[in-house]
Amino acid sequence: LAHAPVVSKCSQCDAQHVACSSRSGAKRRHCHLAELSCRFAGPLPRSARMKGRTRNGKRERLALVFGDSWADGPETWPQWWAAKEFPAVYAYAMGGSTSQDLIAQAALCAHNWQNNFFPESTLAIIHTGGNDLQHALGCGGVFGPVYAFLLALIQTLFWCALRLITAPCYLCCKRRWAGELVNCLSRPIVCMSMRNGVSASFTPDLMINNIHSLMEELNTFHGIRIFVVAGLPVTPCLPLMQHLLSQWQPQCIHSLANAVVRLWVRCGVDLQAAMCDMFQRTHPECRVLFFDEAEAIERLVQNNLEHATEGGSTSCKIWQDFLHLSDHGHRLLAEEFAQLWNTWEPQEDLQE
């Protein structure tokens, strides 16, 4: 988020769109977010212009949503949950976005708010990363996925070794030393995981750096102190993963591949959670709630199968396609997150 926002004229609607130049300065993300900026054209409502004021003696409460298709639309779990908890919800998430598009989404948000301060009880919800993995899967022809897999395998094995060594520390003080150490040593992997300006690795380093930069930006320039970060929804029960894992035969190879995927998922979750913990320590005024989305989805799928078995009926449709939850699945996931939110102490600061 160190790049200055660029306001350009849209040839389609003559609206002023905010784009952000890429790190090299040669590429701009105007086209990808043109539709998004059209949604927010025009004056903001009164609540969006308030500067930490109160209404009827109560603090103004606001939620901002950033990310990809899993957070784009009122039926997605972040917006579905936020609409029940907050009087005003502003969503800048857009389907197809990668973690690098968080830069443009934040610039668009700042532009639409015209640099006004957000209310003190503003919550920022961040959900991204799935499209980074898809780009890595389709990048570089035949050898691209192999290269991405090798990087992820090296990092996962390194994380496993550190996790075993630091296990006593985790049990004692609950500090994720393995995740923190891998994050600190991830710069070389970030350099190797970029190809043509997009992710070319299954490692979450680039995504974690982009989320951290977004949180820094929102806190430093807009005073936002409460964040929700959702982990990657990648799990062996994802239909796409089931399809890919089904290609591994015989059964012993299939079981091994399934175990490797689960280990890789746990590695990514630990790295993201470690980043959130580190952000809280370096920003004592901030609170970050990490939502392990993969684990929550696995619980939903298991509960759905058990319910169908016990009731003798067909299971409810949780998935819309290979990569996305159905509306029903999003509502179930919103309920899972609500349980976590209600047991989180800092959420009391956002209550009216």
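In β5, R61, A63, V65 and G67 point one way while L62, L64 and F66 point the other way, and all are buried. Buried here means under 20% relative accessible area, exposed means over 50%, and partly exposed lies in between, using a 1.4 Å probe and protein chains only. In a regular strand the side chains alternate between the two faces of the sheet. Taken as a whole, β5 is mostly covered, with 7 of its 7 residues buried.

A word on the model before going further. This is a predicted model, in which local features need pLDDT of at least 70, side-chain atom pairs count only at pLDDT 80 or more, and totals for chains, interfaces and linings use all residues. Residues are numbered from 1 along each chain as its sequence is written, and side-chain values use heavy atoms, with hydrogens and water left out.

**The sheet and its helices**

Strand β5 belongs to an open sheet of 5 strands, ordered β6-β5-β7-β10-β11 with parallel pairing. Helices (H or I, at least four residues) and strands (E, at least two) are DSSP runs numbered from the N terminus, and two strands pair if DSSP finds at least two bridges between them. The edges are β6 (88-91) and β11 (287-291), each of which pairs on one side only. On average, neighbouring strands of this sheet are turned by 20 degrees against each other, direction ignored.

Which strands does β5 pair with, and over how many bridges? Strand β5 (residues 61-67) pairs with β6 in the parallel sense over 4 bridges, and 7 bridges join β5 to β7, again running parallel. On the β6 side, the bridge partner of L64 is Y90, and V65 stands opposite A91. On the β7 side, G67 stands opposite H127.

Helix α3 (residues 102-112) lies across β5 and β7 (121-127), running at about 150 degrees to β5. Helix α11 (residues 251-282) packs on the sheet, touching β10 (226-230) and β11, and its direction makes about 170 degrees with that of β11. Contact means heavy atoms within 4.5 Å; axes are lines fitted to C-alpha atoms, for helices over the stretch in contact, and angles run from 0 to 180 degrees between N-to-C directions.

**A nonpolar patch on the surface**

V146, F149, L150, L153, L157, L256 and V260 form a nonpolar patch with about 600 Å² of accessible area together. Patches are made of residues with over 30% relative accessible area and no salt bridge, where like charges are joined within 9 Å and nonpolar side chains (Val, Leu, Ile, Met, Phe, Trp, Tyr) within 5 Å. The areas come from the Shrake-Rupley method with a 1.4 Å probe, and for residues only the protein chains shown count as cover.

The elements that give two or more residues to the patch are α5 (143-165) and α11, and α5 gives the most, with 5 residues.

Elsewhere, F221 lies in helix α9 (residues 205-222) and counts as exposed at 55% relative accessibility. The C-alpha atoms of F221 and A110 are separated by 9.3 Å, although these residues are 111 apart along the chain.

**Salt bridges**

The structure holds 10 salt bridges, each a side-chain nitrogen of Lys or Arg within 4 Å of a carboxyl oxygen of Asp or Glu.

| Pair | Closest N to O |
|---|---|
| E75 and R331 | 3.2 Å |
| R266 and D292 | 2.9 Å |

How exposed are the partners, and which parts do they join? E75 is partly exposed at 28% relative accessibility, and so is R331, at 34%. R266 is partly exposed at 30%, whereas D292 is buried at 14%. E336 is buried at 12%, while R299 is partly exposed at 36%. E336 lies in helix α13 and R299 in helix α12, so this pair ties together parts that are 37 residues apart in sequence.

Finally, R163, R176, D270 and D277 are linked in a network of salt bridges.
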